[in-house]
Amino acid sequence: MKHFYRYILSLCLIGFVPNLIAQEVYKNNNVPIADRVNDLLSRMTLEEKVGQLNQLNGGVMTGPAAANDEGAQGRLQLLKQGKVGSFLNVTGVEQTLAVQKIAVEESRLGIPVLFAFDVIHGYKTVFPIPLAEACSWDLEIAEQTAAVAAKEAAAAGLHWTFAPMMDMSRDPRWGRVMEGSGEDAYINGVFAAARVKGFQGDFSNDNVLACVKHFAAYGAPEGGREYNTVDISRNSLWNNYIIPYKHAVDAGVATVMNSFNVLDGIPASGNKYLVTEVLRDKWGFEGIVVSDWASFGEMIAHGFAKDGKDAAEKALMAGSDIDMESRVTINNLAQSIKNGDVPESLLDKAVARVLYYKFKLGLFENPYARHDKEKEKNNTMTSSHLDLARKAAAGSMLLLKNDDKVLPLSKNLKNILVLGFLAESQNDVLDFWKGMGDHGDVVTILEGVKAKYPNATVNFLPVYDRDNNLDPSAAKQIKKIAKNADVILGTIGLYGDLMGEARVLADISPAPAQMEMLRLAKETGKPVVVLVQTGRPMVLTEVAKEHGTILNVWSGGIQHGNGVADVLSGDVNPSAKTVMSFPHSVGQIPVYYNTFSTGRPHVDGNEGPAHFWVSRYRDIPNGALFPFGYGLSYSTYDYSNISLSASEMNQNGIIQVSVEVKNTSSIDGEEIVQLYIRDLVASRVRPIKELKGFKKVKIKAGETQKVSFTLSSSDLSFKDDEGNDMLEKGTFKVFVGKSSQDVLEASFELK
Ligand code: NOJ
């Protein structure tokens, strides 16, 4: 008996009692996440805590390919020591599972890692670039494509995407405009919210954490040059550039990425005003702030931090959390805390934010839930995903000109001539950020046209090559083959690797060989449709002068060619409107619709001596060639009878704005009806127009629809330099129309 008691006692001492005393609360999913986080934090060494803030580029780290790779082995070693909290660029069930097993089974506390990846416009099913998708003004599509991207990524073991990118930009020289939603803050904001919802859903195993980026104002680099200085006023920050991120935060985005640029001379990663005062304190953001690639360390090159230790401390003090790849944090922060140079409480807060999402995603309960080969196979590139990709592609095609109604093409065409290398190049559609998309899965324009017209003869001539050299026999060949053609489709534009990060171009006009191709096509006397494949608005001034039919097809993802063919044939009636102005000339950039009025305003078209000392170009118009909000359809619309529910509004009131839109054609269509305002006199000069809402409405041939909007005080206020709302009485103009330039107007008084 004595032995029995002694036995019980010893059991208690070696296991049971210590367990009771030090109950592993963090393992219990019946307690609130905050308590689990605190419990886990209390068990972590300083080094392990800092490890959670260390994000490394993973790539292939296990299996034969990595066996002799010292880098990969080194990273795994760090992982085993609890010195890595997340990886980026580890993809696929096999790799993610193998790495997760090491984290869970071989590190002291078994804390799972997060796998992050840039899933920007699809994972394997690649959708149109975000800029193109935004031209659909279709928030449902944006949410759906993000949800599909998330589902495919999650099924490949991923937890986190670095999207949506919401850097509004007025500069098409900047290659990253392809990733955003154009020049307008409101459009960027509503697309940010839709994509956040699509990616994150309810944080299930079919979802991924979203990351709005790049905070803040990354879309305003001087001269459009990548990574360049940003120098904008607080007025512009608060009334433009910062707005989209706020929409994403309000939509519940889990993570935010610092930008590479400086703001007010302070790098964003170390910018306490941005990260702590605005994002966390003013907006109440509680999620993770991750650096951009090495942006903590780059504060040294900026001349803001003197070394890695200083950089790591400044990032933490600013409120930023995870260090992506610069390693200044993992190499220095524990020592800084031991020295008392930064408080451990700040580190704890940052680590808590990372752990919170690991718990939220259920990683402690089931770290391998996303690592199922069968699920990966069944959830990827399904027919419904491909259908969505095709719909999204067709919905993003921007009809810029259709002077002679060459489009839509007849279904009975017998002979089609397709010109231009880009029309058959699978390699030039997906980039940049193609996720795990495969060039081989791309339906090119040529393939799309052939599939749409199976009974027609479809001839193809590349005419120019990848270096834009003109085929010397082009003139002869075009002349010969065009003889029997009913129509010529001339594809011009920019190669896939000329869009995206670091793809800055000073010249965004079509290459001379492409222009020559179009000239030769026109010379045949056959109808010519110009197809512009691009990741940014190009300078199409010469093209528009010479050609009456232009369809800007963007980079439409893996169903690109089918989307193009759907629109050419009229199976889809185009309805997209551009969210970024197409300039007349590079010299005009930045050109955007919501400018201020100068003291000497100029109206395009007003010429003569009375209009000399005004703010204008002598050689080109001030406005864009194709302005914000512009885009044609095979239907035509007439706007009439704009009316307001009242001529006055008080500060808590609302005003209804309505307009009648008639489809004056014989084709059913969809029209994007746009609402703009102008605050005529205010304590700060306000833009000549600001988008405040839109409705995408289906209108049958011959039908008239009344379209209504509601304006309230939040639409009429603007921000001061600290982001506070300013609502000022006075006259407001209201505009409703088919583009930023083609509108009806009315006005009312705010009392
Ligand atoms: C740098 C880019 O700026 C950012 O958008 C991206 O998420 C990271 N690299 C990771 O790939």
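A residue is called buried when its relative accessible area is under 20%, exposed when this area is over 50%, and partly exposed in between, with a 1.4 Å probe and protein chains only. By this criterion, buried residues make up 59% of the 751 residues in the protein. The structure is a predicted model, in which local features need pLDDT of at least 70 and side-chain atom pairs count only at pLDDT 80 or more, whereas totals for chains, interfaces and linings use all residues. Residues are numbered from 1 along each chain as its sequence is written, and side-chain values use heavy atoms, with hydrogens and water left out.

The protein contains 23 helices and 26 strands, where helices (H or I, at least four residues) and strands (E, at least two) are DSSP runs numbered from the N terminus. Along the principal axes, the C-alpha atoms fill a box of roughly 105 × 65 × 50 Å. Of the contacts (heavy atoms within 4.5 Å) with a separation of 6 or more, 78% are accounted for by residues 24 or more positions apart.

Helix H13, which spans residues 308-318, is mostly covered, with 8 of its 11 residues buried. These buried residues are Gly308, Asp310, Ala311, Ala312, Glu313, Ala315, Leu316 and Ala318, and they pack against helix H11 (272-282), helix H12 (298-302), helix H14 (328-339) and helix H15 (344-360). Just after H13, Gly319 takes a positive phi of about 110°. In helix H2 (residues 33-43) lies Ala34, which counts as partly exposed at 46% relative accessibility. The C-alpha atoms of Ala34 and Tyr356 are separated by 7.2 Å, although the two residues are 322 residues apart along the chain.

An open sheet of mixed pairing is formed by 5 strands in the order E18-E26-E25-E20-E21, two strands being paired if DSSP finds at least two bridges between them. Strand E18 (648-649) and strand E21 (690-699) stand at the edges with a single partner strand each, so one side of each is left without a neighbour in the sheet. Strand E20 (residues 669-679) pairs with E21 in the antiparallel sense over 9 bridges, and Ile677 stands opposite Glu690 in E21.

Most residues other than glycine have a negative phi, and most peptide bonds are trans. Against this background, several backbone positions deserve mention. The peptide bond from Lys213 to His214 is cis, with omega near -5°, and His214 is placed in strand E5 (residues 211-215). A cis peptide bond also leads from Leu407 to Pro408, with omega near 0°; Pro408 is in the loop between strand E11 (398-402) and strand E12 (415-419).

Positive phi values in residues other than glycine include that of Phe203, at about 60°. Phe203 lies in the loop between helix H8 (185-200) and E5 and is buried, with a relative accessible area of 18%. For Val463, likewise not a glycine, phi is near 65°. This residue, Val463, belongs to the loop between strand E13 (457-461) and helix H19 (474-482), and its relative accessible area of 4% places Val463 among the buried residues.
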